[in-house]
Amino acid sequence: MAIIGAQMCPWVSGRQGARDRPPGARRCFGRFTDPEDSLEVDSNPSAVYCFVPAVTFFASGRRPNTKMAAQPTVAFTFHKVREQCEQGSADAWRAFLDFYTPLGMHLLKMYLPSDGPEASRVWEQTLAALAENDFQRFRATEKQSEREFLLDLRALLLDQAALHAAAAASAAPASAPLVDREAVGKLLEGLPLLHQEMLFLKLAGYTDASIERMLRMAPRVAQAAFARLEPDYAEALKIESDRCLWPGQWLASLQAARAAKQEACPNLHQFLRIHDGQISWYDKEPVEKHVAGCRHCLEAWTALREATYWRKAAPAVPAAEIEKYLSLLPVAAAPKKSFLQRMFG
Ligand SMILES: [Zn+2]
């Protein structure tokens, strides 16, 4: 299939090998004509996500994959989704749901573990909150970069989850350990930042394997810090799948941390630059020192690692579910496009 346009997605152009493709991303036949999008492609390949027009499957002799989300006829990037969702475009919201429902579901299964329909219900409430008053809440989310936007989305989602968890908290066993602000502060006190990150994610309910994938470092380096979890929080050391053991308390503690921003707290963008290795030791040392002593910033710092990783790694959601969520949103369907328009965007 011919690809036109000066700027192309790195997977199309061959600059990015198939093995480097984020697990959630599909084979990409897209093209990028917007220079800004192309910059985003180069600096952050995870932000790229091309929808494969249905015709591509037939052209390449492959059968359509019915498990995939319904195929919009344009290639979406974060910036396009962000802009067109504000206008209530159905295609953009479908792309939004396809991009972010997997992350939302992962976070909800992690922080609100249950076999029931809670995760789906909380996601629906989050979408309703975003769409309220002509997308007022959505308009207030971060516009500059996808990773900062993810933190806004995560905060809104976990606020909704906290409401559910608070209602269920009275049913928690009386023997459950305290995981409040003070208790967590004592556990983290005096530890280097990396060990704090690992201990924080461990207390949240992540397995060693997930911590290693998120931080790209084996948690055994923090074994001495993990020893602090004995004996009161020993259960967190034994978990075999990602799941928060104390949802009500933990979500309330994260909520309090998010609300505790101080004037001295560095800009989130500085965290991104440090995570990406784009800042000198001289500049990053005071920022890291601040994060190690500030619960608000430690929450944001680890949330950035978490959201960035699971945005790529969370399993895709079936098309039927995406359409179900889309049907709840006040969106306008796009006019039908011709065959040629579908082929070439
Ligand atoms: Zn701070």
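Me: How many helices and strands does the chain have?

Reply: This is a predicted model. The chain has 18 helices and four strands.

Me: What share of the chain counts as buried?

Reply: Of its 345 residues, 38% count as buried.

Me: Where do I start with the nonpolar core?

Reply: Start from the general idea. In soluble globular proteins, nonpolar side chains tend to be buried together. Now the case here. The largest nonpolar core has 75 residues. Those with the most contacts inside it are Phe96, Leu108, Tyr111 and Ala161.

Me: Which helix gives the largest share of this core?

Reply: Helix H5, residues 90–111, with 13 residues. The core also draws on both domain 1 (7–143 + 316–338) and domain 2 (154–313), with at least three residues from each.

Me: Which residues is tyrosine 111 in contact with, leaving aside its neighbours within four places in sequence?

Reply: Leu158, Ala161, Cys244, Pro247, Trp250 and Leu251.

Me: What percentage of contacts between residues at least 6 apart in sequence join residues at least 24 apart?

Reply: In this chain, 73%.

Me: How do I read a helix pair, say H9 and H16?

Reply: Take the angle and the distance between axes. H9 (residues 193–204) and H16 (residues 295–313) pack at about 75 degrees, with axes 10 Å apart. Angles of 65 to 115 degrees count as roughly perpendicular, so H9 is roughly perpendicular to H16.

Me: Which residues make the contact?

Reply: From H9, Gln196, Glu197, Phe200 and Leu201. From H16, Leu298, Trp301 and Thr302.

Me: How do the residues of this contact of H9 with H16 divide into nonpolar, polar and charged?

Reply: Four are nonpolar, two polar and one charged.

Key
Residues are numbered from 1 along each chain as its sequence is written. This is a predicted model: local features need pLDDT of at least 70, side-chain atom pairs count only at pLDDT 80 or more; totals for chains, interfaces and linings use all residues. Axes are lines fitted to C-alpha atoms, for helices over the stretch in contact, and angles run from 0 to 180 degrees between N-to-C directions. Helices (H or I, at least four residues) and strands (E, at least two) are DSSP runs, numbered from the N terminus. Angles under 35 degrees count as roughly parallel, over 145 as roughly antiparallel, 65 to 115 as roughly perpendicular and the rest as oblique. Two residues are in contact if their C-beta atoms, placed from the backbone, lie within 7 Å. Ala, Val, Leu, Ile, Met, Phe, Trp, Tyr, Cys and Pro count as nonpolar, Asp, Glu, Lys and Arg as charged, and the others, Gly among them, as polar. A residue is buried if 20 or more other C-beta atoms lie within 10 Å of its own, exposed if 12 or fewer, and partly exposed in between; C-beta atoms are placed from the backbone. A nonpolar core is a set of buried Ala, Val, Leu, Ile, Met, Phe, Trp, Tyr and Cys residues joined through C-beta atoms within 7 Å. Domain bounds come from an automatic or database domain assignment.
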